[in-house]
Amino acid sequence: MRLKEGKNDHVYEVEDIEVELNLERRLEALGLTEGTKVTILNNNKKGSMTVKFRGTRFALGKRIADHITVKEAAL
């Protein structure tokens, strides 16, 4: 499933990131790589969503979130 389809307060694990190379490098620098656990804090707005990974909150646009494949994380 895509990250933008995720539900609030659920934890997901990143399986794949399919964005242009410079954006992928930027996300890697922030710590968003394959295997990273991502918690969705707010996915109610149309423009962006708020997520938390590696102890930090980030706002991601839906366009970016549409290109991140995730699966439900085992707790």
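**Exercise 1. Decide whether Glu20 is buried, partly exposed or exposed, and find its salt-bridge partner.**

Step 1. Start with the cut-offs: buried means under 20% relative accessible area, exposed means over 50%, and partly exposed lies in between (1.4 Å probe, protein chains only). Glu20 has a relative accessible area of 40%, so this residue is partly exposed.

Before going on, a word on the model: it is predicted, so local features need pLDDT of at least 70 and side-chain atom pairs count only at pLDDT 80 or more, while totals for chains, interfaces and linings use all residues. Residues are numbered from 1 along each chain as its sequence is written, and side-chain values use heavy atoms, with hydrogens and water left out.

Step 2. Now for the partner. A salt bridge here is a side-chain nitrogen of Lys or Arg within 4 Å of a carboxyl oxygen of Asp or Glu. Arg63 meets Glu20 in this way, at 3.9 Å from N to O.

Step 3. Helices (H or I, at least four residues) and strands (E, at least two) are DSSP runs, numbered from the N terminus. Arg63 sits in helix α2 (residues 62-65) and Glu20 in the loop between β1 and α1, so their contact ties together parts that are 43 residues apart in sequence. With 52% relative accessible area, Arg63 is exposed.

**Exercise 2. Which strands does the salt bridge of Glu13 and Lys37 link?**

Step 1. Check the distance: the two side chains meet at 3.5 Å, N to O.

Step 2. Find the strands: Glu13 belongs to β1 (residues 11-17) and Lys37 to β2 (residues 37-42), distant parts of the chain 24 residues apart.

**Exercise 3. Describe the salt bridge between Glu28 and Arg25.**

Step 1. The N to O distance is 3.2 Å.

Step 2. Both residues lie in helix α1, 3 residues apart, which is about one turn of the helix.

Step 3. Glu28, at 33% relative accessibility, and Arg25, at 45%, both count as partly exposed.

**Exercise 4. How many aromatic pairs does a search of the whole structure find?**

Step 1. Rings of Phe, Tyr and Trp (its six-membered ring) pair if their centres lie within 6.5 Å; planes under 30 degrees apart are stacked, over 60 edge-to-face, and the rest tilted. The search finds 1 pair.

Step 2. The ring centres of Phe53 and Phe58 are 4.5 Å apart and their planes are at 15°, so the pair is stacked.

Step 3. Phe53 is buried at 3% relative accessibility, and Phe58 is buried at 18%.
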